[in-house]
Amino acid sequence: MNISKVTAIQSKSRARGRPRSEARSAEILWAAAQLFAERGVERASTREIAARAGTTERTLFKHFGSKEALVRAVVEEAVLMHLAPLSLEGLRRAIGASAADLAGWHRSLLASRLQAWQGAPELVRLLMAEVLRDASARERFAAHWRSAAWKPLVSLFTSLQADRRLRSDIAPERMARLFLSLNLGYLSARLVLAPAADWDDEAELDAIVALFRSGSAAAP
């Protein structure tokens, strides 16, 4: 979920010839997304957001009413509609690029997810909070996720089991759940639950890859 994508999306929004009021709302929205990602929701003031958008606080509140409403709009219109699908599409391509070196693929995939999450940790936290709070937001995100992550993983593990590269006594769907739990558990702890802990990311990645490899390996 790289926040650098925001600038490109913002430029496209301006280029579509939206009405001035709608274009101004979009400018405020993307300015907020950038500042939330850079500094966090609490430390990004509405005055700073308005300044980055080239407008005033009065105009910001005219469009969004309050900072809380602006945060919700960032989640709905920036994260759920644009940034999350872009990030998940990158994940889908990465899953489909598995090679003969399964452990190397796993490490590369996890490292790329870590880098993506580190690019905008505040937006990741906003997304996680929103999908936990709002059932409709959760379903919209889940629809993208099922297509980008779940189905490709199940297909990959099914193929690897058929080639006898993974153990076949665990259903591919269960194998995918175990894989996701292992990786997402690390990413969530690393960037959301305990970001200030004494992490050694290189060692963590190696350990996770080794653990999954030893537990999923086909019998000799």
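Biologist: What makes Arg164 count as exposed in this model?

Modeller: In this predicted model, the relative accessibility of Arg164 is 73%, and the cut-off for exposed is over 50%, so Arg164 counts as exposed. Arg164 sits in the loop between helix 8 and helix 9, and its phi is positive, at about 60°, although the residue is not a glycine.

Biologist: How do you know whether Phe157 and Phe179 are buried or exposed?

Modeller: A residue is called buried when its relative accessible area is under 20%. Phe157 has a relative accessible area of 0%, so Phe157 is buried, and because Phe179 has 3% relative accessibility, Phe179 counts as buried too.

Biologist: Why is the pair of Trp105 and Phe179 called stacked?

Modeller: The structure holds six aromatic pairs, and this is one of them. The ring centres of Trp105 and Phe179 lie 5.8 Å apart, which is within the 6.5 Å needed for a pair; their planes stand at 15°, and planes under 30 degrees apart count as stacked, so the pair of Trp105 and Phe179 is stacked. The pair joins distant parts of the chain, with Trp105 in helix 6 (residues 102-119) and Phe179 in helix 9 (residues 172-193), 74 residues apart, and both Trp105 and Phe179 are buried.

Biologist: What makes the pair of Phe157 and Phe179 edge-to-face?

Modeller: The angle between the planes of Phe157 and Phe179 is 75°, and because angles over 60 degrees count as edge-to-face, the pair takes that name; the distance from centre to centre is 5.5 Å. Phe157 lies in helix 8 (residues 135-162) and Phe179 in helix 9, so that this pair, too, links distant parts of the chain, 22 residues apart. Together with Trp105 and Phe212, Phe157 and Phe179 form one aromatic cluster.

Biologist: Why is helix 7 called roughly perpendicular to helix 9?

Modeller: Two packed helices are described by the angle between their axes and the distance between the axes. The axes of helix 7 (residues 121-133) and helix 9 come within 10 Å and cross at roughly 110°; the range for roughly perpendicular is 65 to 115 degrees, so helix 7 is roughly perpendicular to helix 9. The crossing of helix 7 and helix 9 is left-handed.

Biologist: Which residues of helix 7 and helix 9 meet?

Modeller: On the side of helix 7 they are Val124, Arg125 and Met128, and these meet Ser188, Leu191 and Val192 of helix 9. The residues of this contact of helix 7 with helix 9 divide into four nonpolar, one polar and one charged.

Note on methods:
Residues numbered from 1 in each chain as written. Predicted model: local features only at pLDDT ≥ 70, side-chain atom pairs only at ≥ 80, totals over all residues. Heavy atoms only, no water. Helix = DSSP H or I, 4+ residues; strand = E, 2+ residues; numbered from the N terminus. Buried < 20%, exposed > 50% of the residue type's maximum accessible area, 1.4 Å probe, protein only. Axes fitted to C-alpha atoms, helices over the stretch in contact; angles between N-to-C directions. Parallel < 35°, antiparallel > 145°, perpendicular 65-115°, else oblique. Left-handed = near helix turned anticlockwise from the far one by under 90°. Contact = heavy atoms within 4.5 Å. Nonpolar A, V, L, I, M, F, W, Y, C, P; charged D, E, K, R; others polar.
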